[in-house]
Amino acid sequence: MWQYVTPGIPDAQFEQLPGIPLSQREVRVLILSALRMEAESILWDIGAGTGTIPVEMGLLAPKSTILAIERDEDVAKLIRRNCDRFQVANVQVIEGNAPDCLTDLMPRPTHICLEGGRPLKDILYAAWEALQPGGRLVATVNNLENLYGISEGLSTLQARNIEVIQSAVNRLETRGIHQTFAAVNPMFILSGEKL
């Protein structure tokens with residue numbers, strides 16, 4: 001379904017479920033860039049939702065190992081369907097509730113994408129514990145409380161090379177007889193490295 005070697009699969013190409021979050025295309029490209037994965041990295045996507053990040057990264061880095069972690073059985077099935085849809089073979093879907101399910105997962109990640117979950121700060125600490133030395137963690141948040149929690153957590157964990165960006169994307173949409181720009185929900189993308 002996606003014949004290109006670049007990221008940015010249109011949102012509509014993914015199967016979706018009502019109420020299940022989807023990292024929108026433009027934000028997803030920023031997340032993929034922030035991850036800075038190598039050809040044979042190990043990525044844990046915690047709170048994988050629709051599975052857009054595992055699918056895109058699976059296509060970009062087919063020799064990598066990707067674990068998509070999701071607590072809801074129906075959502076885990078959705079991730080599997082999206083992986084099948086794009087013929088991504090290097091994603092393993094883990095049904096589990098973070099942070100508890102992270103303790104025994106293998107292989108240990110070189111990269112983590114933290115896209116959600118409660119309690120978010122506890123998940124951050126457990127994920128950081130599992131992250132290999134030299135590894136990189138990227139977290140996405142869309143509210144002030146989680147922004148503060150992740151920022152404080154990265155500081156407490158003594159993460160290095162911390163970066164924080166906020167997306168501000170507008171898409172051209174047709175509304176009636178006019179074309180207008182509509183804002184994509186802004187997201188904060190935080191990243192840091194474990195030295």
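**Helix α2**

I started with which residues of α2 are buried (under 20% relative accessible area, with exposed over 50% and partly exposed in between; 1.4 Å probe, protein chains only). They are Thr52, Ile53, Pro54, Val55, Glu56, Met57 and Gly58. Seven of the nine residues of α2 are buried, so the rest of the structure largely encloses this helix. The cover over those buried residues includes α1, β1 (42-46), β2 (65-70), α3, β3 and β4 (111-114). Helices (H or I, at least four residues) and strands (E, at least two) are DSSP runs here, numbered from the N terminus.

Caveats for myself: this is a predicted model, where local features need pLDDT of at least 70 and side-chain atom pairs count only at pLDDT 80 or more, while totals for chains, interfaces and linings use all residues. Residues are numbered from 1 along each chain as its sequence is written, and side-chain values use heavy atoms, leaving out hydrogens and water.

**Thr52**

I then picked out Thr52, which sits in α2. Its relative accessibility is 2%, so I count Thr52 as buried. Skipping neighbours within four places in sequence, I find Thr52 in contact (heavy atoms within 4.5 Å) with Phe14, Leu22, Ser23 and Arg28.

**α1 against α2**

Next I looked up how α1 meets α2 (residues 52-60): their axes come within 11 Å and cross at roughly 55 degrees. Axes are lines fitted to C-alpha atoms, for helices over the stretch in contact, with angles from 0 to 180 degrees between N-to-C directions. That makes α1 oblique to α2 (under 35 degrees is roughly parallel, over 145 roughly antiparallel, 65 to 115 roughly perpendicular, the rest oblique). On the α1 side I noted Arg28, Ile31, Leu32 and Leu35 in the contact, and on the α2 side Thr52, Ile53, Glu56, Met57 and Leu60.

**Aromatic pairs**

How many aromatic pairs does a search of the whole structure find? I got two. Rings of Phe, Tyr and Trp (its six-membered ring) pair if their centres lie within 6.5 Å; planes under 30 degrees apart are stacked, over 60 edge-to-face, the rest tilted. Trp2 and Tyr4 have ring centres 4.8 Å apart and planes at 70 degrees, so I logged that pair as edge-to-face. Trp2 is buried at 18% relative accessibility, whereas Tyr4 is partly exposed at 47%. Phe14 and Phe86 make a tilted pair, 5.0 Å centre to centre with 45 degrees between the planes. Phe14 lies in the segment before α1 (25-35) and Phe86 in the loop between α3 (73-85) and β3 (91-95), so this pair ties together parts 72 residues apart in sequence. I noted both Phe14 and Phe86 as buried.
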